[in-house]
Amino acid sequence: TLVIGDQVRVMPVYELCTVKAMSDHTGSPCKAAIAGTNVEVGLVGLDSELSLGVGTLLCSPYHTIPVVRKFNARIQTLEALKIPIIKGTKFTMHVHNTDVPIHISKLIEKRSRREERNKKKPRTIGRDEIGLVTIVVDQSNAGICLELFEDYPAMGRVLLRNDGVTVAMGTVTKIKEGNVEKLW
């Protein structure tokens, strides 16, 4: 929930601010909002307007969302995948309305949708296969706000795109590197 007067942390810039005003989808002022409600929020105490943008999140100042640079994801490749995924393959990862350049640093296991048996340390992950991979956010980006899918499903989903075409979808299974304290 969000209430006027609450302190919130803007992530991933890690700035603390206060909710000054809120209005609902019709423009009428409101005093509180619950998760999933579409509201316009007025904030006070930000150092700069550059702190807000696509991909920024408001969260509790005491329980901030991790800023992640490296994580494991279970991915399902789609028909649109033309070339099998190998270690080092670069993609654009779409998450929370933002696009981030990433690369696959490790292929941990794979299986086809028809088979029950997993193959450890595969060389490739092809079309219509399920794989467990390690994803690294490229150095040009400070990281991305993610949660484990099992903890917060909406914050633990990712899409992998190549030239604007979605080639795989996945869920975050393990955060390997990155949190607020390490990055700031």
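The model is a predicted one.

**Overall architecture.** The secondary structure comprises one helix and 15 strands. Along its principal axes, the C-alpha trace extends over about 55 × 35 × 30 Å. Of the 184 residues in the chain, 39% are buried. Among contacts with a separation of 6 or more, 64% are between residues 24 or more positions apart.

**Salt bridges.** The chain contains three salt bridges, listed below with the distance between nitrogen and oxygen.

| Salt bridge | N to O distance |
|---|---|
| R74 and E109 | 3.7 Å |
| K120 and E109 | 2.8 Å |
| K110 and E129 | 3.5 Å |

In the pair of R74 and E109 (3.7 Å), distant parts of the chain are linked: R74 belongs to strand β8 (residues 70-77) and E109 to strand β10, 35 residues apart. R74 is partly exposed, because its relative accessible area is 35%, whereas E109 is buried at 8% relative accessibility. E109 also forms a salt bridge with K120. Because E109 lies in strand β10 and K120 in strand β11, this pair ties together parts that are eleven residues apart in sequence. K120 counts as exposed, with 58% relative accessibility.

The bridge between E129 and K110 likewise links distant parts of the chain, with E129 in strand β12 and K110 in strand β10, 19 residues apart. E129 is buried, with a relative accessible area of 14%, and K110 counts as buried at 14% relative accessibility. Through salt bridges that share partners, R74, E109 and K120 are joined into one network.

**Positive surface patch.** K87, K106, K121, K174 and K176 form a positive surface patch. One of these residues, K121, is located in the loop between β11 (119-120) and β12 (129-137). K121 is exposed, since its relative accessible area is 70%.

Is T98 buried or exposed? T98 is buried, because its relative accessible area of 15% is under the 20% cut-off. This residue is placed in strand β10 (residues 98-112). Apart from its neighbours within four places in sequence, T98 is in contact with V54, G55, M93 and I144.

Key: Residues numbered from 1 in each chain as written. Predicted model: local features only at pLDDT ≥ 70, side-chain atom pairs only at ≥ 80, totals over all residues. Heavy atoms only, no water. Patch = residues over 30% accessible without salt bridge, like charges linked within 9 Å, V, L, I, M, F, W, Y side chains within 5 Å. Areas by Shrake-Rupley, 256 points an atom, 1.4 Å probe, with all protein chains shown as cover. Salt bridge = Lys/Arg side-chain N within 4 Å of Asp/Glu carboxyl O. Lys, Arg positive; Asp, Glu negative; His and termini not counted. Charge placed at Lys NZ, Arg CZ, Asp CG, Glu CD. Helix = DSSP H or I, 4+ residues; strand = E, 2+ residues; numbered from the N terminus. Buried < 20%, exposed > 50% of the residue type's maximum accessible area, 1.4 Å probe, protein only. Contact = heavy atoms within 4.5 Å.
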